Amino acid sequence: MKCLFCQNYPISQYGNGREMDAETLAGEMLRLRESGVHNVNFVTPTPHAPQMLDAILLARGKGFDLPVVYNTNGYDALENAFAPRRRRRHLPPGREISFRGACGDGVRNPRLRAAQRTAIDEMVRQVGFLSSGDDGIAARGSSCVISSFREVGETEAVLAHLSERHGPELPLSLMGQYFPAWQAANVAGFDRKVTRKEYDRAIEAASLLGLRNVFIQER
């Protein structure tokens, strides 16, 4: 389960960043609100989910009213990330956590794949699909991020499962931005970017499956 192509390796491997308690994090969320951001996005927050929820509740009590995004790779225990309604029930309507899940990482790892599928099912069950406010900015709901693979068959398998399970309107971001970060440049099969042709084939696969709500990166 150790990621050899982690794009955030300065944080995950070298300890860059700074520690915060829940109160400090709540203050940072309020500072971001004052700077004019549209949401606060927690990326791979699973190990810190309890502290994150504490910080959100503290910030809400001080006037923080922006959407919060739980941006996860999907390797989440339901009782950890999605079940603590005892705390979430105190949030005002429309201000619950929205989810953004990565759907493709588990293709070669059955345990991760099973966890991702269960987590995505729960995300959709709790908050539905991603929706926008009157200003066109995403406000609530769930969406999935798929990194296109060089082996197009793997991409097709992920897309087919999502289409069958959740229908053609599931919001998807089909990404072609992989690059060999961290130690990946020294490992065959991970040592280059996705080509234009490979990414185009992934887009074609989504189209053939009838998926209609797909974000495509500029090429």
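Thr195 counts as partly exposed, at 32% relative accessibility, where partly exposed lies between buried (under 20% relative accessible area) and exposed (over 50%), computed with a 1.4 Å probe on protein chains only. Thr195 sits in the loop between strand E7 and helix H8; helices (H or I, at least four residues) and strands (E, at least two) are DSSP runs, numbered from the N terminus. From C-alpha to C-alpha, Thr195 lies 9.6 Å from Gln177, a residue 18 places away in sequence.

The model is predicted, with local features requiring pLDDT of at least 70 and side-chain atom pairs counted only at pLDDT 80 or more, while totals for chains, interfaces and linings use all residues. Residues are numbered from 1 along each chain as its sequence is written, and side-chain values use heavy atoms, leaving out hydrogens and water.

The confidence of the predictor in each residue is given by pLDDT, on a scale from 0 to 100. The mean pLDDT of the protein is 82, and 83% of its residues reach 70 or more.

Eight helices and eight strands make up the list of elements in the protein. Of its 219 residues, 39% count as buried. Among contacts between residues at least 6 apart in sequence, 73% join residues at least 24 apart.

Strand E6 (residues 142–147) runs parallel to E7 and is joined to it by four bridges; two strands pair if DSSP finds at least two bridges between them. Here Ile146 has Leu174 as its bridge partner. E7 also pairs in the parallel sense with strand E8 (residues 214–216), over three bridges, and in E8 the bridge partner of Leu174 is Ile216. The chain passes from E7 through helix H8 (residues 196–208) to E8 in a right-handed β-α-β crossover: with the strands pointing away from the viewer, the path from the first strand over the helix to the second runs clockwise.

Of its 19 residues, Ile146, Leu159, Leu162, Leu170, Leu172 and Leu174 touch the most other members. Helix H6 (110–127), E6, helix H7 (152–166), E7 and H8 each give two or more residues to this core, and H8 gives the most, with five. Beyond its neighbours within four places in sequence, Leu172 is in contact with Cys144, Ile146, Leu159, Leu162, Leu211, Asn213, Val214 and Phe215. A second, separate core has 15 residues, including Ala22, Val40, Ala55 and Ala59.

Which faces of strand E1 (residues 40–43) are covered and uncovered? Val40 and Phe42 form the covered face, whereas Asn41 and Val43 form the uncovered one. E1 pairs in the parallel sense with strand E2 (residues 68–72) over four bridges. Within this pair, Val40 has Val68 as its bridge partner, and Phe42 stands opposite Tyr70. The chain crosses from E1 through helix H3 (residues 49–60) to E2, again as a right-handed β-α-β crossover. E2 is largely enclosed by the rest of the structure, because five of its five residues are buried. Val68, Tyr70 and Thr72 point one way from E2, and Val69 and Asn71 point the other way.

Cys144 is buried, with a relative accessible area of 2%, and Cys6 counts as buried at 16% relative accessibility. With a disulfide taken as a pair of cysteine sulfur atoms within 2.5 Å, the count comes to zero disulfides.

Technical notes: Core = buried A, V, L, I, M, F, W, Y, C linked by side-chain atoms within 4.5 Å. Contact = heavy atoms within 4.5 Å.
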